[in-house]
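This report goes through one protein model, from its overall make-up to selected side-chain pairs. Please have the sequence and the coordinates at hand.

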Amino acid sequence: MTKRQRNLAIGALVFVVVSVWLLGSVLTPFLIGAGLAYVCDPIVDRLERLRLSRTGGVVVVFAVVVVVFTLLLLLLLPQLQQQANTLVQNLPRYVDWIQRATAPYLGGRALDIESIKTLIADNWGTAGGFASSVARKAFSSGTALMAIAMNVLLIPVIMFYLLRDWDHMVAWIKSQLPRRYVGTITELAQETDQVLGQFIRGQLLVMTVLGSVYIVGLWLAGLDLALVIGLGAGLVSFVPYVGVISGLAVSSIAMLVQTGDPVQLLWVFLVFGIGQVLEQVILQPLLLGDAIGLHPVWVIFAVLAGGQLLGFAGVLIALPVAAAIAVVVRYGGRQWRASRLYLDH
């Protein structure tokens with residue numbers, strides 16, 4: 001690579017980073033739409049192999065995605081709001097239970113429980129009416145409401161057009177690559193796509209299955225907050241053991257506060273035990289495999305770093321960038337181990 005080419009590459013990278021930083025809020029619907037198109041592209045490709053046109057396959061997948069998201073919103077949002085209200089109303093009971101459970105170990109350093117309960121009571125009205133307040137402010141400002149509506153409506157439109165033209169865009173980008181490096185860049189891009197695609201699609205399925213198991217199991221166990229806790233445990237299950245440990249701890253406290261019967265904890269342990277066996281024996285080997293290439297610590301760091309540097313847009317591009325960096329690092333390692341300097345004795 002010549003000095004001029006190197007400078008052009010560095011300049012292009014700087015331009016992209018600065019553009020994302022400056023246009024983060026504008027790019028958000030485009031990044032979400034692109035992410036949905038990326039996840040759904042293999043499904044459209046499979047429909048094409050079944051003799052369906054590209055546009056026809058996109059229409060089918062797009063319709064299914066819209067229907068599923070709409071149904072989830074209609075079914076889950078009222079229940080989530082109800083259980084969130086129940087959680088906030090019962091917070092003083094949870095604090096009382098924690099105080100009783102920890103009092104023997106704290107000695108003279110007891111928690112200022114009355115201050116905590118007063119704080120919760122004073123702010124309950126604010127917390128309970130937070131969503132309504134946000135909605136009122138949004139509707140009182142025509143500009144803000146218009147911006148929110150445009151962003152929401154842009155996501156499916158962007159997803160549709162990107163999904164329809166995905167193969168053409170990939171082919172165009174490949175045609176613009178320097179001929180000398182097209183083989184290497186294509187190889188790295190394919191490896192990145194394999195790592196990222198396997199991780200995202202597999203992890204989404206794992207999170208969905210585990211969240212469903214936790215929600216249904218805790219509901220059958222009689223826990224009032226089954227939806228909130230099960231959904232939360234499923235969402236953070238992309239980090240090994242964090243989802244099950246946090247979900248088990250929170251649901252155990254909630255069950256004790258709700259029933260006062262330690263025997264009921266057996267049902268909670270059974271639910272999360274089934275989830276763990278299902279994840280380790282079936283879901284992880286079947287959906288994720290053994291060679292994902294993205295360590296959980298690297299994933300967490302990438303998401304936090306992206307959010308710190310570029311806000312919400314940084315969170316959205318964190319995983320693709322992390323996957324690309326991991327692939328480049330592995331490629332550099334292979335090149336190093338094949339070099340004369342490494343092999344020279």
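Does Arg334 count as buried, partly exposed or exposed, and at what relative accessibility? Arg334 counts as partly exposed, because its relative accessibility is 32%; buried means under 20% relative accessible area, exposed over 50%, and partly exposed in between, with a 1.4 Å probe and protein chains only.

## Basis of the model

This is a predicted model: local features need pLDDT of at least 70, side-chain atom pairs count only at pLDDT 80 or more, and totals for chains, interfaces and linings use all residues. Residues are numbered from 1 along each chain as its sequence is written, and side-chain values use heavy atoms, with hydrogens and water left out.

## Overall make-up

The protein chain contains 14 helices and zero strands. Helices (H or I, at least four residues) and strands (E, at least two) are DSSP runs numbered from the N terminus. Of the 345 residues of the chain, 28% count as buried.

Contacts, defined as heavy atoms within 4.5 Å, were sorted by separation in the sequence. Among those between residues at least 6 apart, 70% join residues at least 24 apart. The chain exposes about 21900 Å², and carbon and sulfur atoms supply 71% of this area. Accessible areas come from the Shrake-Rupley method with a 1.4 Å probe; for residues, only the protein chains shown count as cover.

## Salt bridges around Arg54

The whole structure holds seven salt bridges, each defined as a side-chain nitrogen of Lys or Arg within 4 Å of a carboxyl oxygen of Asp or Glu. Arg54 takes part in a salt bridge with Glu48, at 3.0 Å from N to O. Arg54 counts as buried, because its relative accessibility is 12%, whereas Glu48, at 29%, counts as partly exposed.

The side chain of Arg54 also meets that of Asp167 in a salt bridge, at 3.3 Å from N to O. Asp167 lies in helix H8 (residues 166-175) and Arg54 in helix H3 (residues 54-89), so this pair ties together parts that are 113 residues apart in sequence. Asp167 counts as partly exposed, at 35% relative accessibility.

Glu191 and Arg334 form a salt bridge through their side chains, at 3.4 Å from N to O. This pair links distant parts of the chain, with Glu191 in helix H9 (residues 182-220) and Arg334 in helix H13 (residues 296-337), 143 residues apart. Glu191 is buried, with a relative accessible area of 17%, whereas Arg334 counts as partly exposed. Elsewhere, salt bridges that share partners join Asp41, Asp45, Glu48, Arg54 and Asp167 into one network.

## Nonpolar surface patch

Ile10, Val14, Val18, Trp21, Leu22, Leu23, Val26 and Phe30 make a nonpolar surface patch of about 780 Å². Patches are made of residues with over 30% relative accessible area and no salt bridge; like charges are joined within 9 Å, and nonpolar side chains (Val, Leu, Ile, Met, Phe, Trp, Tyr) within 5 Å.

Helix H1 (3-22) and helix H2 (24-49) each supply at least two residues of the patch, and H1 gives the most, with five. Val18 has its place in H1 and counts as partly exposed, at 36% relative accessibility.

Helix H11 (residues 242-259) has 18 residues and reaches 25 Å from its first C-alpha to its last, close to the 26 Å expected at 1.5 Å a residue. The expected span is 1.5 Å times one less than the number of residues. Buried residues in H11 include Gly243, Val244, Gly247, Leu248 and Ser251. Gly260 follows H11 and has a positive phi, near 70°.

Arg51 also has a positive phi, of about 75°, although Arg51 is not a glycine. Arg51 lies in the loop between H2 and H3 and counts as exposed, at 80% relative accessibility.

## Aromatic pairs

Four aromatic pairs are found in the whole structure. The ring centres of Phe160 and Tyr161 are 5.4 Å apart and the planes are at 90°, so this pair is edge-to-face. Rings of Phe, Tyr and Trp (its six-membered ring) pair if their centres lie within 6.5 Å; planes under 30 degrees apart count as stacked, over 60 as edge-to-face and the rest as tilted.

Phe160 is buried, with a relative accessible area of 18%, whereas Tyr161 is partly exposed, at 44%. Phe62, Phe160 and Tyr161 form one aromatic cluster.
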